[in-house]
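How do helices that lie against each other in a protein model come to be described? The following explanation takes up that matter for the structure shown here.

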Amino acid sequence: MKTTIKLADIFSASLQDYIHKYGKLPLEHSKAVNAIMNCRTETMGYHQYECESCHEPQTHFHSCRNRHCPHCQGYSAMQWVQARVEEMLPVSYFHAVFTVPSELNPFVLRNKKVMYSLLFRAVKDTLNQLAAQEKWLGAKIGFIAVLHTWGQKLTDHPHLHCIIPAGGLRLKDNRWKHCRNNFFVHIEVIKQVYRGKFIEYFKHAVATGVIKYYGVLEEYTHKHKLNDLISLLYRKEWVVYIKPSFASPKAVLNYLGNYTHRIAISEKRILSFKDGKVTFTYTDYRNDCKRKVMTLSAVEFIRRLLLHILPSGFMRIRHFGLFANRDRTEHINLCRKLLGEYALAAKETLTCWWEQILQRTGKHPLICSKCNAGLLQLVFIMPPGRRSVMVT
C-alpha cells in the first residue's frame, strides 16, 4: 500500500520535541529541515498553468532543491547521469565499497568534513597507487566515488561506493590495459593498503589539531586512550568488497541514476506515523537481505536522520584519475581511441526539463492530469514570498 507519510509531516509534528530534548538545531540542520518542510508548498512559490484543451487551472509548487530532500533528487540525478553518458568507456565496470570501522564513528560525527575528506583521500591514494604498480596493473585508472553515510536503520555508517572501469591507461607505451575478471588487485591487498593509509592520515590529522575533541571524544585527550584506539584499528580487519563487474556501460548508467543522489531514507519506506512513532522498512543484509520493519519514536527518527546532513559545500560525488575534471576530456578521448571507439554517435541535446523527464520516464510532465489530452500552458509565476509574475 502506497504511503502518504512525508518527512515534512514528521518534522512538523515532532521537531519541537526533538529541540526540547537535544537543543537548538545547528545552522546546516536548520536549513535542511526548513527546506524539506517548505518544499512544494505555497511558501516556495509556484507556477500556475492552464490546460489548452479543458482550460482547467493547475498549480505546480516549486521544489526546495535541497540535496537532502527526498522530492528533489530525481531531476538532479537525471541531469548528472546525462552528463556522464559521454564519459562511459566501452569496457566493463566494477563496483567497490570502502567502509570505516565503527570505532571511528564518534570521530566522524563530530568532525564530518575532516573525516569524510580522509575517507576520499585514503580510497583515492589506495586505488591509484596499487593500479600504478607493474605487478598489478601498471596503468592510470579513473573512477567515480560516492559518499553514503547511513545504514538501512539510519544509523551512522560512512562508506564510499566507487565505480571503476576494468582497466587503465598505460602512459609509458600509450595503450589501454584490461584488468583481470576479478579486479586488478587482490582484495586482501586493497584492505591492508587502505587501512594503512587511512590510519596514517588520521594520525596526522590528530597530531596537527585538525580533528577536534568534542563530547565523548574528550577521553582521547589522554594519549594512552588514543594509542589504544590506533592499535585496535591496526589489528582490526577493515571491510572492503568488490562487487561483480557490470555487464555494460548502460548498466552502469542505470545504477548511477538510481544510486548517486539517494538520501538516507526514501519516503516509500515509511509505513506509518502515529502516536509519536515512525514505522519504516529496512533490508537486513546480514540475514539473506530479508525485508523487515522497525519502529522508532519520532524524536529518535529525526535524530538519526539528521546524522546524515552533510557539511555545507561538501561534495559527496567526486571524480578521480582519468575522470578528474582537469584533464577529463583529453583522457576520455585518448582511451576511446585506444579502445577502437573514436567518437560516440552525436546525441540530441536536451535543453528543456520536460524533454529530459519525457526521455527518462516516457511520460510528458506537461500533459494535463485532468483530461490527459491537452498541454499545460504557463499563465503566471509566483516567486517565493513575492507577487506573481505574469507570462505573456
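The paragraphs below consider two pairs of helices in turn. The model is a predicted one. Two packed helices are described by the angle between their axes and by the distance between those axes.

The account begins with helix α1, which spans residues 7-22, and helix α2, which spans residues 27-38. These helices pack at an angle of about 120 degrees, and their axes are 8 Å apart. On the side of α1, the contact is formed by L7, A8, F11, S12 and L15, while α2 contributes V33, I36 and M37. Sorted by class, the residues in the contact of α1 with α2 comprise 7 nonpolar, 1 polar and no charged.

The second pair consists of helix α6, residues 187-207, and helix α7, residues 223-235. The axes of α6 and α7 come within 10 Å and cross at roughly 165 degrees. Because an angle over 145 degrees counts as roughly antiparallel, α6 is roughly antiparallel to α7. The crossing of α6 and α7 is right-handed. Here R195, I199, F202, K203 and V206 of α6 meet L226, I230, L233, Y234 and R235 of α7. The residues of the contact of α6 with α7 fall into 7 nonpolar, no polar and 3 charged.

Conventions
Residues are numbered from 1 along each chain as its sequence is written. This is a predicted model: local features need pLDDT of at least 70, side-chain atom pairs count only at pLDDT 80 or more; totals for chains, interfaces and linings use all residues. Side-chain values use heavy atoms; hydrogens and water are left out. Axes are lines fitted to C-alpha atoms, for helices over the stretch in contact, and angles run from 0 to 180 degrees between N-to-C directions. Helices (H or I, at least four residues) and strands (E, at least two) are DSSP runs, numbered from the N terminus. Angles under 35 degrees count as roughly parallel, over 145 as roughly antiparallel, 65 to 115 as roughly perpendicular and the rest as oblique. A crossing is left-handed if the near helix is turned anticlockwise from the far one by less than a right angle, and right-handed if clockwise. Contact means heavy atoms within 4.5 Å. Ala, Val, Leu, Ile, Met, Phe, Trp, Tyr, Cys and Pro count as nonpolar, Asp, Glu, Lys and Arg as charged, and the others, Gly among them, as polar.
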